[in-house]
Amino acid sequence: MSEDDEEGEAAQESSGLRKIIHVDMDAFFASCEQRDHPELRGKPVAVGGSGGRGVVAAASYEARKFGVRSAMPSITAKRLCPDLIFVKHRFEVYKEVSQQIRAIFRDYTPHVEPLSLDEAYLDVTDDLKGIGSATLIAEEIRRRIREETRLTASAGVSYNKFLAKLASDQNKPDGLCVIRPGEGAAFVQSLPVRRFHGVGPKGAEKMARLGIETGADLAAKDLAWLRAHFGSMADYLFRAARGIDLRPVRANRIRKSVGSERTFSEDISSGTALRETLENIIDIVWESIERTQAKGRTVTLKMKYTDFQISTRAKSLPAAVADKATFASVARALLDEALPLPLPIRLMGLTLSNLERGGAEERPRDEAQLSLL
C-alpha cells in the first residue's frame, strides 16, 4: 500500500468515518462456467437459453465486447456475436461458490451485507484480524478468492457504500479502486451520470436533454429543480452528486421478505422476453426460499418502467406457499395480468412476504439486487 493510502486511512479513522469495502465477482455465472469447462475459456459465453424465447442471464467479458448483456434476448445476442456459446445455468454451483466467498469475508468482519450471490458490502472499520487498513484487507480478500475459488473479484474501498460500489466498478475486471476521504465529491462529479446506480439508459437520455451529462452537471442543480424534473428520485440524485450516503452496512436485518430483482441493460417490453426473465427470477428466488426455509403467503411482482414509476401486483394465499410449482404459477399469473405493459420496463423483481415468524425472518437479507433507491 502506498504512503498516500496510509495517510488517507489514518485521516479516515481519525475523522470517525467508516471503512467500507464493496466486493463484486467478475462476470460471476459465466466465469464459473469457464472455470469448470476449460474449453470455454477465452471464448464468448452466455448463461441462459439459446432458443427463440431465450434470454441472456449473464455474459462473459469476451461476449460483452460484442455488446452482449444480461436480460438481452438470446436471438439478439447471437446476432451481435455469431460465435456466442450458450450454457445452461447451474445455480447450485453458483450458490456453493458464493458460500465460499462469504466465509472469506467473515474472516475479516462480522459486518457483511450480501446484495446477491456475487457481491457484498463489508464494514471493516474494526476488522477481526487487526489489519487496520481497508485497502490491505481488500487486497487480501481478492487474493484469497483467486486462490480458493480460481475466480477473480473486483473491489472498491471508501468511506460509504455508494462510493465503495462506484469504486468496485472503476477498474473491472480483477481490479481495485480506493476513494479516500475528501475525494468522494470530486470522483463522483467526474463520472458520466450513467454510472450512477439507479440511472438507466432512459434516465441518462432524459438528463442529457436537460443538459446533464456528468456528476458535476448534476451537482450544479438545486434540490427544487431536481424535484421538479425527477420527482421522488431527486433526493437520491442530490446526495449522490455530492458523494453522500449515510446508510450503514447491515449484516443482520429482520427479514420481511425473500426476493430478487434484476435491472436490465436494455429496456424490455415483449411478453416473450418478460416471461423468460421471470423464469430466471423464479429460479433464483425459490433457491433463496429453500435455503432460508422461508414460509410466506404473499407473492409480489414488481416492475419499474422506463419513466422510473414502479408498479407492483400481489396475491396472498390462504396458507404458506408449499412448493415451487405454486410459487411459479402465482408469479406467472401476476405477470399475465399486467400484460400488455404501458411502457417498457428497466427492472423486474419478485418477492415472497407475509413470512411466518422464526426461520427466515431472523436471517440476513439476500436480495439478488438491492437498488440504492
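Colleague: What makes Asn 160 a cap at the N-terminal end of helix H7?

Modeller: In this predicted model, a side-chain oxygen of Asn 160 lies 3.2 Å from the backbone nitrogen of Phe 162.

Colleague: Why is helix H7 called largely enclosed by the rest of the structure?

Modeller: The helix covers residues 161-170, and eight of its 10 residues are buried, so the description follows from that count. The buried ones are Lys 161, Phe 162, Leu 163, Ala 164, Lys 165, Leu 166, Ala 167 and Ser 168.

Colleague: How do you know that Ser 168 counts as buried?

Modeller: Buried means under 20% relative accessible area. Ser 168 has a value of 1%, so it is buried.

Colleague: What does the side chain of Ser 168 have a polar atom close to, in terms of a distance?

Modeller: A polar atom of that side chain lies 2.8 Å from the backbone oxygen of Lys 165. Both residues are among the buried ones of H7. As for helices in general, an α-helix has 3.6 residues a turn, so residues three or four places apart point the same way. Leaving aside neighbours within four places in sequence, Ser 168 is also in contact with His 22, Asp 24, Ser 154, Ala 155 and Gly 156.

Colleague: Asp 24 is on that list. Where does UniProt place the feature "binding site"?

Modeller: The record, an unreviewed entry, gives Asp 24 and Asp 118 for that feature. Such annotations may be inferred rather than shown by experiment.

Colleague: Why do you say that these residues gather at one spot?

Modeller: They span 95 residues in sequence, yet no two of their C-alpha atoms are more than 5.9 Å apart, so they come together at one spot. Asp 118 also belongs to the lining of the largest cavity. Asp 118, for its part, touches Val 23, Asp 24, Met 25 and Phe 28.

Colleague: Is Asp 24 buried or exposed, and how do you know?

Modeller: Asp 24 sits in strand E1, residues 20-25. Its relative accessibility is 11%, and the limit for buried is under 20%, so Asp 24 counts as buried. Asp 118 is found in the loop between strand E5 (112-116) and strand E6 (119-123).

Colleague: Which elements supply at least two residues each to the lining of the largest cavity?

Modeller: They are helix H5 (91-105), E5 and E6. H5 gives the largest share, four residues. The lining includes Met 25, Ser 98, Arg 102 and Asp 118. By class, it has six nonpolar, two polar and three charged residues. The volume of this cavity is about 40 Å³, and the structure holds two cavities of 30 Å³ or more.

Colleague: Why is Leu 176 called partly exposed rather than buried?

Modeller: Buried stops under 20% and exposed starts over 50%. Leu 176, at 23% relative accessibility, lies in between, so it counts as partly exposed. This residue is in strand E8, residues 176-178. Its C-alpha atom is separated by 7.9 Å from that of Ala 138, 38 residues apart along the chain. Not counting residues up to four places away in sequence, Leu 176 touches Ala 138 and others, including Thr 135, Arg 142 and Asn 171.

Conventions:
Residues numbered from 1 in each chain as written. Predicted model: local features only at pLDDT ≥ 70, side-chain atom pairs only at ≥ 80, totals over all residues. Heavy atoms only, no water. 1 Å grid on protein atoms, 1.4 Å probe; cavity = no way out; pocket = protein on both sides within 12 Å on 5 of 7 lines; lining within 4 Å. Buried < 20%, exposed > 50% of the residue type's maximum accessible area, 1.4 Å probe, protein only. Contact = heavy atoms within 4.5 Å. Polar contact = N/O pair within 3.5 Å; in protein donor to acceptor, adjacent residues only side chain to side chain. Points joined across faces, edges and corners; volume = space filled by probe spheres on them. Nonpolar A, V, L, I, M, F, W, Y, C, P; charged D, E, K, R; others polar.
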